[in-house]
Amino acid sequence: MTAKNYRSPDYYLTDELFNDEQIMVRGAIRDWVNVSVIPIIDEANQKHEFPKHLVKELGELGVFGPFIPQEYGGAGMDQMSYGLIMQELERGDSAIRSMASVQSSLVMYPIYKFGTEEQRMKYLPKLATGEMMGAFGLTEPDHGSDPGSMITRITDKGDHYLLNGAKMWITNAPIADISVVWAKDDQGIVRGVIAEKGMKGFTAPEILRKWSLRASQTGELVFDNVKIPKENLLPDVKGLKGPLTCLSSARYGIAWGVIGAAMDCYDTALKYSLERKQFKKPIASFQLTQKKLAEMITEITKAQLLAWRLGTLQNEDRATPAQISLAKRNNVQMAVNIARESRQILGATGITGDFPMMRHMMNLESVITYEGTHEIHLLITGHDITEIAAFD
Ligand SMILES: Cc1cc2nc3c(=O)[nH]c(=O)nc-3n(C[C@H](O)[C@H](O)[C@H](O)COP(=O)(O)OP(=O)(O)OC[C@H]3O[C@@H](n4cnc5c(N)ncnc54)[C@H](O)[C@@H]3O)c2cc1C
């Protein structure tokens with residue numbers, strides 16, 4: 001219902017800050033979301049089903065690895081376009097954006113940045129089309145915010161490694177053909193390896209009964225003496241810098257993505273408040289409703305400007321991990337608040353699947369937790385400005 005007459009909020013005329021290509025890319029994804037995501041996404045969430053058929057279409061749209069050079073099958077777009085793509089996908093649903101974020105920033109990006117030429121040629125073109133799906137294994141059952149304490153291990157056996165351990169809460173795990181897995185080597189140094197579906201001893205069970213990201217498949221990655229060929233090691237990075245570099249790219253996409261969810265909630269609430277009458281007047285005429293709407297558009301506008309500036313810095317390769325962290329934290333919190341406030345404007349109707357608020361609200365509970373929790377991002381900013389790490 002929201003898609004037909006969706007009007008993207010742009011209070012500060014930020015559209016003028018984007019070039020023609022960026023606007024075109026955004027328009028293409030926006031149209032696709034209207035046609036292919038909005039009509040099916042409530043049911044997919046209600047049934048806790050991953051809309052598998054969208055993967056091929058996403059590949060055709062160039063949504064997987066949009067910033068990866070064309071020679072490897074990517075679209076060779078800039079970072080601003082990547083951000084706008086994420087924004088439009090998450091207006092549809094955080095699950096769709098999460099799938100695309102993982103594929104692009106957490107699987108294609110490390111293979112491109114830290115992989116061999118053979119690995120790039122073998123995996124990137126297929127990941128770009130969606131012929132192959134990927135997952136990123138960092139979090140473990142007992143090690144979430146503190147991944148440096150991970151216990152998953154690769155043991156050097158001469159012509160191969162043996163991988164042992166388990167990863168938890170992994171987006172795309174049950175559908176992934178390959179997983180970029182972070183594990184400690186014999187020296188205790190974190191390394192990245194590519195584990196392929198079907199390798200003996202490797203299983204990826206789905207985590208069921210989620211109330212959030214119900215249209216996304218989340219799972220475990222379990223490794224029981226899995227033989228990893230030596231050529232599956234990502235050679236060009238050692239230590240936590242590897243996964244953290246990928247997370248910066250993904251967090252950048254999230255900072256944009258959640259604006260889409262917030263814009264959808266705001267637009268829906270604004271329209272509803274103008275139509276719904278109580279006490280013989282539209283509820284939009286009440287000061288308390290106007291306060292909610294005024295605060296929402298203010299926060300969306302601030303988030304849009306933050307994302308645009310971050311995009312500019314990303315394009316110039318100047319955005320720091322701490323700057324990206326700040327935007328992820330601020331924008332996700334903003335979207336969480338707006339989902340809740342906008343739901344209240346719709347009263348009882350707002351709790352149904354006829355409107356997107358509850359779905360966005362539940363999804364955003366994962367988004368505020370994954371890729372670094374809100375608290376950890378506060379500590380990252382705290383560390384950056386005081387030079388004292390509070391989480392060690
Ligand atoms: C749907 C979903 C998809 C996910 N996808 C992936 C994926 O694809 N790949 C992957 O590797 N991981 C993934 N994750 C895992 C996610 O990154 C972790 O859940 C997250 O890092 C937090 O870890 P935890 O859940 O173990 O919480 P914990 O680290 O146990 O934290 C619990 C609470 O304690 C707080 N806390 C922890 N340490 C501190 C501290 N020093 N100071 C103050 N507060 C603190 C946290 O902020 C949090 O509120 C996903 C999670 C979800 C929910």
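Let's start with I111. Leaving out residues up to four places away in sequence, I111 touches Q119, R120, Y123, L124, L127, I178, V180, I194 and L234. Keep in mind that this is a predicted model.

Let's follow L163 for a moment. You'll find L163 in strand 3, residues 160-171. Is L163 buried or exposed? Its relative accessibility is 0%, so L163 counts as buried. Setting aside neighbours within four places in sequence, its contacts are T152, R153, I154, V181, A183, V193, F223, D224, N225, V226 and I228. Now pick E60 in the viewer: L163 and E60 are 103 residues apart along the chain, and their C-alpha atoms are separated by 34 Å.

N225 is found in strand 7, residues 218-229. Its relative accessible area is 44%, so N225 counts as partly exposed. N225 is not a glycine, yet its phi is positive, about 55 degrees. Why mention that? Most residues other than glycine have a negative phi.

D317 is another case: also not a glycine, with a positive phi of about 60 degrees. D317 is in the loop between helix 7 (287-315) and helix 8. With a relative accessible area of 70%, D317 is exposed.

Helix 8 covers residues 321-345, which is 25 residues; at 1.5 Å a residue it should span 36 Å, and its end C-alpha atoms are 36 Å apart, so the two agree. After helix 8 comes G347, with a positive phi near 55 degrees.

Last stop, the surface. Which residues make the nonpolar surface patch of about 430 Å²? They are Y11, Y12, L17 and L305. L17 lies in the segment before helix 1 (20-46), and at 36% relative accessibility L17 counts as partly exposed.

Key: Residues are numbered from 1 along each chain as its sequence is written. This is a predicted model: local features need pLDDT of at least 70, side-chain atom pairs count only at pLDDT 80 or more; totals for chains, interfaces and linings use all residues. Side-chain values use heavy atoms; hydrogens and water are left out. Helices (H or I, at least four residues) and strands (E, at least two) are DSSP runs, numbered from the N terminus. Buried means under 20% relative accessible area, exposed over 50%, partly exposed in between (1.4 Å probe, protein chains only). Contact means heavy atoms within 4.5 Å. The expected span of a helix is 1.5 Å times one less than its number of residues. Patches are made of residues with over 30% relative accessible area and no salt bridge: like charges are joined within 9 Å, nonpolar side chains (Val, Leu, Ile, Met, Phe, Trp, Tyr) within 5 Å. Accessible areas come from the Shrake-Rupley method with a 1.4 Å probe; for residues, only the protein chains shown count as cover. A salt bridge is a side-chain nitrogen of Lys or Arg within 4 Å of a carboxyl oxygen of Asp or Glu.
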